[in-house]
Amino acid sequence: MWGVDLRYLYGGGIADWALRTLTVAEVPDVVQAVGGAVITCWASEAGSDPSDQYTDLVTLTGDPVAELATSMGEDGRARGVIPPFRGPDGVRLMWLSADGGPRQLVEGVDESAGDGTSTSSLSVTGDAVVGGDMQVAGSLTVSGPIDLDDSRYTRFSRTVVVAPAVTGLWPVWRAARTCRVTGVHAIRSGGTGATVAAVVNGTPVLGVNLSVPLADVWTSDAPASPVAVVEGDSVQVQVVSLAGTPTVVTIQLDFEVG
């Protein structure tokens with residue numbers, strides 16, 4: 001088992017304002033944004049029990065705070081905006097009050113959902129298995145091994161950039177899983193031509209080398225049937241020939257699982 005400390009993001013959204021109504025020139029209920037309003041966070045819609053107030057809040061700069069103030073319009077935000085902050089660990093819903101007024105229910109945003117990216121600090125206890133890329137713009141603390149597992153992807157690519165462009169054979173990947181090579185792509189900068197190849201365990205993937213006749217235009221080909229790759233296989237690309245002194249040759253291999 002492993003656990004993640006998750007602080008949901010609050011504030012800073014299009015609906016996150018402190019407002020009040022006034023009577024102006026005998027016109028009632030004129031809405032005004034309130035700068036400097038004190039924002040407190042609660043576990044319930046009403047009540048005065050101090051234990052219901054959430055005081056374990058964190059600003060975007062990592063400073064702990066018990067309450068916040070709406071913008072005065074001097075920090076790059078509009079006057080009255082509730083600045084972004086992070087709530088207590090694991091708390092997704094809070095009731096927010098401005099200057100002790102009526103509380104409104106607000107739902108936090110899980111920054112780590114969807115794309116595997118977290119902009120907050122991340123703490124993991126135990127073993128962590130990550131399916132794909134993990135990005136943490138903050139501190140990452142792990143007590144236990146991390147297994148970076150891309151097995152959730154059914155299609156992926158590997159790319160080699162040869163710069164300066166010279167002929168030769170370059171390793172792409174020591175295969176970490178069973179899959180198939182389904183495509184070979186290449187592009188060159190400068191020169192008048194190039195030919196490239198893809199190789200698995202010394203055997204060419206394509207029936208003939210891939211010619212790259214035009215500069216700055218991708219050229220693609222596929223094997224007559226997908227070429228099987230198993231864990232431990234050596235996958236390489238080769239710049240077979242160059243014409244007219246290209247400066248860069250880029251080769252991409254596509255893989256498919258299942």
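Which residues do ring pairs link into a cluster?

First, the ground rules. This is a predicted model, where local features need pLDDT of at least 70, side-chain atom pairs count only at pLDDT 80 or more, and totals for chains, interfaces and linings use all residues. Residues are numbered from 1 along each chain as its sequence is written, and side-chain values use heavy atoms, with hydrogens and water left out.

On confidence, pLDDT is the predictor's confidence in each residue, from 0 to 100. The chain has a mean pLDDT of 82, with 81% of its residues at 70 or more. Residues 114–121 stay under 50, and the model has 20 contacts for them beyond four places in sequence; contact means heavy atoms within 4.5 Å. Where pLDDT is low, the predicted coordinates should not be read in detail.

Back to the opening question: the cluster is Phe 156, Trp 173 and Phe 255, linked by ring pairs. Rings of Phe, Tyr and Trp (its six-membered ring) pair if their centres lie within 6.5 Å; planes under 30 degrees apart count as stacked, over 60 as edge-to-face and the rest as tilted. By that rule there are 4 aromatic pairs. One of them is Phe 156 with Trp 173: the centres are 5.5 Å apart and the planes at 80°, so this pair is edge-to-face. Phe 156 lies in strand S19 (155–162) and Trp 173 in strand S20 (168–174), so the pair ties together parts 17 residues apart in sequence. Strands here are DSSP runs (E, at least two residues), numbered from the N terminus. Phe 156 and Phe 255 make a stacked pair, 5.2 Å centre to centre with 10° between the planes. Phe 255 lies in strand S28, so that pair ties together parts 99 residues apart in sequence.

Buried or exposed? Buried means under 20% relative accessible area, exposed over 50%, partly exposed in between (1.4 Å probe, protein chains only). Phe 156 counts as buried at 10%, Trp 173 at 12% and Phe 255 at 1%.

Trp 173 also has Arg 158 over its face, at 4.7 Å from the ring centre. The rule is that NZ of Lys or CZ of Arg is within 6 Å of the ring centre and within 35 degrees of the ring normal. Elsewhere, the charged end of Arg 103 sits over the ring of Trp 42, 3.9 Å from its centre.

Next, charge pairs. A salt bridge is a side-chain nitrogen of Lys or Arg within 4 Å of a carboxyl oxygen of Asp or Glu, and the count is 5. Among them, Glu 256 meets Arg 180 at 2.8 Å, N to O. Glu 256 is in strand S28 (248–256) and Arg 180 in strand S21 (179–189), so parts 76 residues apart in sequence are tied together. Shared partners join Arg 155, Arg 180 and Glu 256 into one network. Another bridge joins Glu 107 to Arg 92, with the closest N and O atoms 2.7 Å apart. Glu 107 lies in strand S12 (104–107), while Arg 92 is in the loop between S10 (85–89) and S11 (93–98).

Methods
Helices (H or I, at least four residues) and strands (E, at least two) are DSSP runs, numbered from the N terminus.
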